[in-house]
Amino acid sequence: MKIVDAKVIVTCPGRNFVTIKIITEDGIYGIGDATLNGRELAVASYLADHLIPCLIGRDAGQIEDIWQFFYRGAYWRGGPVGMTALAAIDVALWDIKAKAANMPLYQLLGGRSRSGVMVYGHANGNTVEETVEEVGRYIDMGYKAIRAQTGVPGLASTYGVSKDKLFYEPADADLPTENEWDTARYLEHVPTLFRTLRDTYGYDRHLLHDVHHRLTPIEAGRLGKDLEPFRLFWLEDAVSAELQEGFRLIRQHTTTPLAVGEVFASIHNCHQLITEQLIDYIRTTIVHGGGISHIRRIAHLAELYHVRTGFHGATDLSPITMGAALHFDTWVPNFGIQEYMRHTPETDEVFPHDYTFEDGYLIVGDTPGHGVDINEELAAKYEYERAYLPVNRLSDGTMFNW
Ligand code: KDG
Ligand code: MG
């Protein structure tokens, strides 16, 4: 099954998405997501200018060899741009292989391990009261697990809290806006949110919280300890994780489960976190971590060390990534949870898909492949619009961790 053509499709049905479409000689095609929030055109160019020329003429069935060609064969390997481009190719090739076998992707991976994939949604509000109300909306929709974020008193804006609730979009401007950060205020405030949530809704639902890399390890240890009575499912991205051994200090101080990894590009960003059992959930997902072929290695390593998966699934990961992730989640033995931020109706129209939400779970369909397609005619109507995530400064103006 020779690859005869491949193209990059950039579209903006409310937000930017980059997609690769790979076409084989017998007409079977596969698609993969190549979206890297705020850096979309870098990946589009990397694919179109550097990878696609090397792809034409290869056997689409040789997924592993193509992966190794682009990773091991390259002098410049890894990095978010490179691994997102490689992921897009990899997912498109798995889509082709599954379509050729006339099977849903999860069957090729090893078959069904569960009937549905437990997902968590995002509730956020400017105040504790508003966030509590939002969590209630998610409970009413049937969610078993909910991430809760709240504004911090005295700070003009906080990342993770937005005007749009269900279709929350963090890349909010054509040049980066600035948020303000104050660790002391944050650490005082967050336990109040979770105390109020447990007092209001009890302990039936899972609650999660994302710190967005804003703390040091000892501060994260303190927060984890303060949150222990409220039994979080996880505390996410407590610190920036370039220093993997930094998590040892957090671990020494708290039993609150830890999740990290949505910005990791490969197994080399998390091997120590996993093998030293410094985390409980690995969030590196298919689109930013080199595709199914590479994420599978991370998941297997994690399984040995009691670490479970908890894939990133924000709005900036296209429905293609969601479809591929759900097939992976349906199979992977050490599944933990899947993040699920809903896409807008415009996005869903551009990317028709066969997964459905039922009572807190996402269920994959049995369409051959990963079950997501692209309506190219419609995609062409939505032109790329530059959009950035905000940056973060301390109150005295110092640039701070994203
Ligand atoms: O592109 C950045 C978003 O995907 C990210 O900020 C969302 O932290 C996030 C999450 O956990 O979904
Ligand atoms: Mg996050």
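This is a predicted model: local features need pLDDT of at least 70, side-chain atom pairs count only at pLDDT 80 or more; totals for chains, interfaces and linings use all residues.
## Ground rules

Residues count from 1 along each chain as its sequence is written, while chains are lettered from A and ligands numbered from 1 in the order in which they are written. Local features need pLDDT of at least 70, side-chain atom pairs count only at pLDDT 80 or more, totals for chains, interfaces and linings use all residues, and side-chain values use heavy atoms, with hydrogens and water left out.

## Polar contacts and burial

Polar contacts here are pairs of N or O atoms within 3.5 Å. Aspartate 316 puts a polar side-chain atom 2.7 Å from an oxygen of ligand 1. For histidine 312 that distance to a ligand oxygen is 2.9 Å, and for an N or O atom in the side chain of histidine 212 it's 3.5 Å. On its own, ligand 1 exposes 330 Å², and the protein buries 95% of that (Shrake-Rupley method, 1.4 Å probe).

## Salt bridges

The structure holds 18 salt bridges, each a side-chain nitrogen of Lys or Arg within 4 Å of a carboxyl oxygen of Asp or Glu. One of them joins glutamate 64 and arginine 297, at 2.6 Å from N to O. This pair ties together distant parts of the chain: glutamate 64 belongs to helix 2 (residues 63-71) and arginine 297 to helix 10 (residues 292-304), 233 residues apart. Helices are DSSP runs (H or I, at least four residues), numbered from the N terminus.

Methods. A polar contact is a pair of N or O atoms within 3.5 Å; within protein, one must be able to donate a hydrogen and the other to accept it, and residues adjacent in sequence count only if both atoms are side-chain atoms. Helices (H or I, at least four residues) and strands (E, at least two) are DSSP runs, numbered from the N terminus.
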